[in-house]
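Hi,

Here is the structure I said I'd pass on.

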Amino acid sequence: MAARGLGLFLASTGLAFNGFLGSTSLYTYNLPPPLPTTFFKNQFENVSSTSPQQVHISSVGEDKMRISWITDSSTPATVDYGTSPGVYSLSATGSTSSYSYLMYKSGEIHEVVIGPLNPNSVYYYRCGSNPSREFSFKTPPAQFPIKFAVVGDLGQTGWTNTTLQHIAKSNYDMLLLPGDLSYADLYQPLWDSFGRLVEPLASQRPWLVTQGNHEIEKFPAFHSIPFTAYNARWRMPYEESGSGSNLYYSFNVAGVHVIMLGSYTDFGPGSPQYKWLQADLGKIDRKMTPWTVALIHAPWYNSNTAHQGEKESVDMKAAMEGMLYQARVDVVFAGHVHAYERFTRVYNGKADNCGPVYITIGDGGNSEGLASKFIDPKPDISIVREASFGHGQLEVVNATHALWTWNRNDDDVAALSDSIWLRSLSSDPACKVQT
């Protein structure tokens, strides 16, 4: 069976979502107006095979940037860059790779790390030996304030496009994505389509992501290695944080320590991820990074009927919640459930002023639709919940205060639907870090 036919067959029969791509609960989504997955073709006509496409960037350390792009044929993995349009006084070289998945063969995947770079500055760059396209990006600030765009479960539908348009207008510094990117679900050309869809934003601001169940793409007897496309296409700065896996890592940016955890790799006590998290939390210097934020895919707190009782939520929470609580993590973002929900500060199922605020933001625009059914009555610890597409913004103003807002996609207009001022736990004398 051809790769596309195989992928569509698995999706239509449900096989792709029950065991092959990760565990899921049985639930019914309430679909909004029909907006199927859209295949985004190359918008440039008559481009050469060495023309860069699917360009995206991610931070490496506090003063470098990884530039990633794909070409149809071989070209040098070089990036020329500078601070003025068309003037490239600096150059760096990197590496090229590719991967195969069933009968699919990827293009040439290029990665180049450039820097050191000045904070809060605009750089212009071109990729490879083809001078036809110039890109630009802005580096994050070195100190407060900083604004994060936060969105999960993006997919590539009309709703996704609306969400991205709203994010583009938000003047954000960095995007954080807690898993489920392309929804390729075995059909690899949809990874290429997704790369083209997000390039206008992802080539201009750093995108830092973690994996969800739709990134697993493990197919017994045919392709036994999970995360093949995700790891090849979306390399994150894991080595810099002492992690041995692209599936979990951390980084510092402008006074915030961001932890990306892997819901679909080993997380139990004694696992590499567990040991890494212990070590990472122990290294946090709250004088340098007063805020700590974590991202997971499968939510630890969830009052939606979707995805209840999954081990990636229940068992990971049992293994790691205590560590995050003792380290006084401020906010934990999750995806997976296709709705929005904000909890109060919580620990061990109860309101706790020294626990993280838990926020589910799996409402980016995927083709599966919205999870519209919530548990009734609403738990006291759940403050706001709504099944609508949208995105969030975390604006960390200073060492003590940050503004969280959630913006609903309302008739193609970003409608402010939830907001709250947060105080950092490091500034609360009652919430000293426990050792």
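E312 is buried, at a relative accessible area of 4% (buried is under 20%, exposed over 50% and partly exposed in between, using a 1.4 Å probe and protein chains only). Its salt-bridge partner is K311, with the closest N and O atoms 3.4 Å apart; a salt bridge here is a side-chain nitrogen of Lys or Arg within 4 Å of a carboxyl oxygen of Asp or Glu. K311 has 49% relative accessibility, so it counts as partly exposed.

Before you read on: this is a predicted model, where local features need pLDDT of at least 70 and side-chain atom pairs count only at pLDDT 80 or more, while totals for chains, interfaces and linings use all residues. Residues are numbered from 1 along each chain as its sequence is written, and side-chain values use heavy atoms, with hydrogens and water left out.

Across the whole structure, the search turns up twelve salt bridges. One of them joins D418 and R342 at 2.8 Å, N to O. That pair ties together distant parts of the chain, 76 residues apart, with D418 in strand β24 (residues 413-423) and R342 in strand β18 (residues 340-347); strands are DSSP runs of E, at least two residues, numbered from the N terminus. Both D418 and R342 are buried.

Then there's R235, which bridges to E239 with the closest N and O atoms 2.2 Å apart. R235 is partly exposed at 25% relative accessibility, and E239 is partly exposed at 36%. Shared partners join E111, R235 and E239 into one network of salt bridges.

Cheers

Conventions
Helices (H or I, at least four residues) and strands (E, at least two) are DSSP runs, numbered from the N terminus.
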